[in-house]
Structures are given as C-alpha cells and as structure tokens.
Amino acid sequence: MHKRILVVLPHPDDEAFGLSGTLAKQISSGAQVTYACLTLGEMGRNMGIPPFANRVTLPEIRKKELQESCAAIGIQDLRMMGFHDKTIEFEDQDLLDSRIMDLIQELRPSLIFTFYPGYSVHPDHDATGAAVVRVVGSLPEQERPKVLCLAFSRNCQEVLGYPDVTQDVSEFLEAKMKSIQSHRSQFQAAELLGSKTLKDKEIIDRFGNEKFWTYKFD
Ligand SMILES: [Zn+2]
C-alpha cells in the first residue's frame, strides 16, 4: 500500500487512458496522489470535434479539462508546472530535475508514475521519464521511491519484456471514462463506448487493465 504517490507526466490527458483507473483505485484505498503535469498541452493540434478551441483559448480549455479529469479520478493535489508543450526535451535539464527533486523532497512519495524513457513515442514523454529516472537514480538506493512506467512504443514488449505490474481497474471504469471524457478537446469519449456500457465484456477487456513496467536502476 502506497500512502503518497507522485505522478509526473507532460500533457493533460496523459493520465486518462494509461493510469486513471489505477489512481482512482489507489485513492479509494487511502493514497494521497499529487499529479505534476509539466505542460498545458497548448501546442496540441486537436481543437475539439467540431472545433471549439483555438490557439488562444486552448491552454485555458485544457487546464479546465485537466482539473475536471483530476476531480473525476479523485486526485487531491494537481500541480501545473508551467513548462512549455513540445519542448520538454529542450528544457534546461538542471531546472527540470530540480523541480522534480523539490516535489520528491516535499512529498516523500513511495511510488512515482511516469513514462518509460525511450519507449513512450512522444519526445515530451521520453524526456519526462528520463528526468524522473535521472532524479530518482541520483538518490541513495534506500531512499528511492519505486518508479512505475507507462510505455507504448511498438517494440516496448520486445525489449522490456511483458509489463511486470498489472492493475485490475474494472471496478473503477466509471472514474476512468469520466477522466477520458473530461478531455473533450482531445477525444470523443462517447465513441469509445458506442452503444456499450461499462459492464460489457468488450469494454472491460479493453479498458479494465492498466499495465506498467518497474524501472530498474541497475
Ligand atoms: Zn502526452
């Protein structure tokens, strides 16, 4: 059981498909979750279907969507870190690392969720994961929180093996779907469900498990 969990991801909506069910589950068993979202995803191409956002309004819209998603999951502490979308890989590494280190020292999490560096498709995802493992790896071994990573590059299972942590979130699909639905400038969550309900086997098979790789520091 983890009392304090830190989530470090670069974009509003990164939490929705990959780990919103896991977070809702952990929170329901008493965990305190802090979600450090590095950017507002303000360079995103999606403006809603039909479009209701534009370049100027998108950051504010995505901020509200993120808050709504966090409320759906039950996340108690959302930190919007103010970095710029699509530039995490070019950020001053010392600044990025020190902001993450500050969070770890303040919160003392026993578990951190992030992306697996090198296997997470988007450069912001990889750069975020790389920063987290750099910072955690700099701590003495006995002080390191466990790091669980999301990965979805095509070769990730080939190289990393099968994910070693699977969370059954079938009882938390309502929170998960609400989290996905919150990001309406990005997805049409209703289309995911179609005529199906959260009790349908197809939906449970598709969304009911969340998988992670434990980052190995040696
Ligand atoms: Zn993302």
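Visitor: Which residues does His 125 touch, not counting residues up to four places away in sequence?

Guide: This is a predicted model, where local features need pLDDT of at least 70, side-chain atom pairs count only at pLDDT 80 or more, and totals for chains, interfaces and linings use all residues. Residues are numbered from 1 along each chain as its sequence is written, and side-chain values use heavy atoms, with hydrogens and water left out. Contact means heavy atoms within 4.5 Å. Leaving out residues up to four places away in sequence, the residues that His 125 touches are Pro 10, His 11, Asp 14, Phe 115, Ser 120 and Phe 152.

Visitor: Is His 125 buried or exposed?

Guide: Buried means under 20% relative accessible area, exposed over 50%, and partly exposed in between, with a 1.4 Å probe and protein chains only. His 125 has a relative accessible area of 8%, so it is buried.

Visitor: Which residue has its backbone oxygen 3.0 Å from a polar atom of the His 125 side chain?

Guide: A polar contact is a pair of N or O atoms within 3.5 Å; within protein, one must be able to donate a hydrogen and the other to accept it, and residues adjacent in sequence count only if both atoms are side-chain atoms. At 3.0 Å from the side chain of His 125, the backbone oxygen belongs to Ser 120.

Visitor: What is the relative accessible area of Asp 14?

Guide: His 11 is buried, with a relative accessible area of 7%. Asp 14 is buried too, and its value is 10%.

Visitor: Where is Gly 137 placed?

Guide: Helices (H or I, at least four residues) and strands (E, at least two) are DSSP runs, numbered from the N terminus. Gly 137 touches Arg 144 and Phe 217, not counting residues up to four places away in sequence, and is partly exposed at 28%. Its place is in helix 4 (residues 123–137).

Visitor: What is the strand order of the open sheet?

Guide: Two strands pair if DSSP finds at least two bridges between them. The sheet has seven strands with mixed pairing, and the order is 3-2-1-4-5-7-6.
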